[in-house]
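Reader: I have a protein model open and would like to learn how to read it. Could you walk me through it, one feature at a time?

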Amino acid sequence: MSGNTPVVLKKDKTVPMPHGSELMMLPQRKPIVYNIAKDKFEIIEYNPFVQREKIFPVAVFNSPGYVNRYFCAYDDEGIKDLLPLFSYGAVGFGKNDFRSAAILVDTEPRQDLRQMPHNGIIKGVNQMQKKYPDNRLIRHLETCALQYGCPAGKNFFLKRYEAPLPTSTVCNANCLGCISLQTQNNLCACQERISFTPTPEEIAQVSLEHIFHVKKAVVSFGQGCEGDPLTAFKAIEPAIRLIRKKTDKGTINLNTNASLPQHVEKLCKAGLDSMRVSLNSVREDCYQAYFRPKSYQFSDVLKSIQAAKQQGKFVSINYLNCPGFTDSEKEFKALKEFIDTYQINMIQWRNLNFDPKKYYELMSKIEDGGRPLGMEIIIKQLSKYFPKLIHGYFNPPLF
Ligand code: SF4
C-alpha cells in the first residue's frame, strides 16, 4: 500500500530481502490481495486453499540502509489498537526467496549483524570493564550491546564506526512513536530510557576511547534509549569541550529534535561537528501532530537548523518515511522549499516505526497531501534539483 491505496507489487520494485530483516505477522488484521482472475483487490480472512484456516498479513522490518517503497497491504477496520512500534514494509515471495519493496539508500555495512561477532563484543566489554571500572555510561552501553542487541552499542565494543552517547532522561516532545517512553494506547517502548545523566568526564572518556581507536570515528548524542539530548545540555556542552581539548579528530554528532536553538548554537561553538534533526514532516501541522511538542514550536526547530548552518556545521534530517504520506505531492513540494531555504547537507531516509494505516489516517485528517509520487521518484528528483544533497542512512564521518 501507499497511503490508503493498494498497489500491485511488481518484481522490479523489489530487492532480495536484506540480510537481518525480520518477517512479522500482523495479528487481527486481514490481508488485502489482488485477485488476478477478477482483476480487483479483495480483503480475505480465510485461506482460499484450506477450509476455515485464518490467514494474516505478513510485513517485513527491513535492515538499516533500506527505505520502504510501500507498506504491507492490510485491512484494520474496527481495530483501535495500534501495531507495535516497527515499520511494516511490503514483502512477497518470489520463485526462491522473499523480496522486499525497498530501496537501498546506504551501502555501508555499519549495522550489518554479520560483522558483529558475539565473541568480539564480549572481549570488548571485558577490556572496558578493566580499563574503566567506574564509568557508568560504559556499564549502560554493556546492557545496550548485550541485552538489547543494539547495533550502535555493539559497535562501541567492537571499535567500529559510530559510538552512542546516551545522556538524557527526559524529553520536551511526546512523539506518537517514541521508542523510549510510552504511557498511552496499547503501546510499549522497545528500549528503556537511561536512568541517569552521565558526567561530562564519563562522556568524554567514552568518546575519546572511540575516537583514538577508530578511523573516521563518529560519536553521537541522541539515541533510542534516551530522551532528547538537548535537555541534557548541562552535561554535553562541557563534555564536548573536554573532548575537543584533547583532540580535533573524530566527528561529534547530535541526533536531536532540535527544539532549543540557543543550546544548539552553544554546542556548535563548543566543538559539535554535525547535527541530525528528526522530522516526520516539514509541514508544521503534520509535525505538531506527530511530535506533540510540550514546550517548543516548530519554528524553534527551524531556528536550530539555521544556527548550525550559520556556523558551518553539517546538518542532516532524519526523515521518517511512511509511503503515501512522505512522497505525497504536498509534502514533496514543502520538502523542496525546505531544502532550498535551509540548504541542509543530507537526508537520512528512515522508515517510520509506527502503525502505517493509523498514521496515514491521522495525517490525512490534518491535510490531504494529494497523490503519492513514489519514493524512488522523489529521491531521484531531489538528486536532480539539489545535486549536492547527500542521500543515505547513517551519520557520515566528516574527518
Ligand atoms: S524527540 Fe525522541 S525522545 Fe523525544 S519524544 Fe520524540 S522520539 Fe521520544
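Author: Happy to! Let's begin with domains, whose bounds come from an automatic or database domain assignment. Here the protein chain has domain 1 (11-104) and domain 2 (113-392). This is a predicted model, where local features need pLDDT of at least 70, side-chain atom pairs count only at pLDDT 80 or more, and totals for chains, interfaces and linings use all residues. Residues are numbered from 1 along each chain as its sequence is written, and side-chain values use heavy atoms, with hydrogens and water left out.

Reader: How many residues does each domain bring to the contact?

Author: Contact means heavy atoms within 4.5 Å. Domain 1 supplies 23 residues and domain 2 supplies 24 residues. By class, the domain 1 side has 14 nonpolar, three polar and six charged residues. In this scheme Ala, Val, Leu, Ile, Met, Phe, Trp, Tyr, Cys and Pro count as nonpolar, Asp, Glu, Lys and Arg as charged, and the others, Gly among them, as polar.

Reader: And what is the area buried between domain 1 and domain 2?

Author: The size of an interface is often given as the accessible area lost when the parts come together. Buried area is that loss (1.4 Å probe), summed over both parts. For domain 1 and domain 2 it is about 2200 Å², with carbon and sulfur atoms giving 60%. On the domain 1 side, Phe-71, Leu-82 and Leu-85 lose the most area to domain 2, together 36% of what that side buries.

Reader: How many salt bridges are counted between domain 1 and domain 2?

Author: Side chains of opposite charge can pair when their charged atoms come close. A salt bridge is a side-chain nitrogen of Lys or Arg within 4 Å of a carboxyl oxygen of Asp or Glu. There are three between domain 1 and domain 2, while a search of the whole structure finds 23. Arg-29 and Asp-355 form a salt bridge through their side chains (3.8 Å, N to O). Another salt bridge joins the side chains of Glu-376 and Arg-69 (2.9 Å, N to O).

Reader: Which parts does the pair of Glu-376 and Arg-69 tie together?

Author: Helices (H or I, at least four residues) and strands (E, at least two) are DSSP runs, numbered from the N terminus. Glu-376 lies in helix H11 (residues 375-385) and Arg-69 in the loop between E6 and E7, so the pair links parts that are 307 residues apart in sequence.

Notes:
Buried area = accessible area lost by both parts, 1.4 Å probe.
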